[in-house]
Amino acid sequence: WNLKALKVFRTDEFVSLVTQLQTSAKAGTGAVASVDAVTVENTKYRIPAGLKVKVTVMCQYLDKDSSLWYKALPKETQRYIEKDSDFPKYGLSKQTLTKTQV
């Protein structure tokens with residue numbers, strides 16, 4: 001992997017994003033953050049430098065003991081998560097998700 005080829009935002013914006021993710025995760029609401037970001041040129045994806053965008057990231061990992069997100073799920077979904085060894089790591093090519101998985 002050439003990670004430099006994947007870069008689309010300035011590195012200095014990453015600290016704010018991670019801090020917000022950690023703060024919201026500790027609050028039990030899931031790791032959610034929004035930042036105003038500026039793009040850097042990425043020729044692989046044809047992204048020009050200087051575009052100002054709002055980026056929102058949600059990283060929901062299961063912390064069933066303290067996650068308000070998990071506790072708000074229907075009991076059927078909670079039971080599914082507890083028995084599904086693949087959750088939440090479904091392959092991107094898997095197109096047969098059930099209603100409960102979605």
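1. A salt bridge here is a side-chain nitrogen of Lys or Arg within 4 Å of a carboxyl oxygen of Asp or Glu. By this rule the count comes to three. In one of them D36 pairs with K54, at 3.2 Å from N to O. D36 belongs to strand β1 and K54 to strand β2 (residues 52–59), so the pair links parts 18 residues apart in sequence. Both residues are exposed (over 50% relative accessible area; buried is under 20%, partly exposed in between; 1.4 Å probe, protein chains only).

2. This is a predicted model, in which local features need pLDDT of at least 70 and side-chain atom pairs count only at pLDDT 80 or more, while totals for chains, interfaces and linings use all residues. Residues are numbered from 1 along each chain as its sequence is written, and side-chain values use heavy atoms, with hydrogens and water left out.

3. The chain averages a pLDDT (the predictor's confidence in each residue, from 0 to 100) of 79, and 74% of the residues score at least 70. Confidence is lowest in helix α2 (residues 68–71), with a mean of 76, and highest in strand β1 (residues 31–38), at 90.

4. The closest N and O atoms are 3.2 Å apart for D12 and R10; for E13 and R10 the distance is 3.5 Å. D12 counts as exposed because its relative accessibility is 52%, whereas E13 is buried at 12%.

5. Q78 sits in helix α3 (residues 75–83). Its relative accessibility is 9%, so Q78 counts as buried.

How values were computed
Helices (H or I, at least four residues) and strands (E, at least two) are DSSP runs, numbered from the N terminus.
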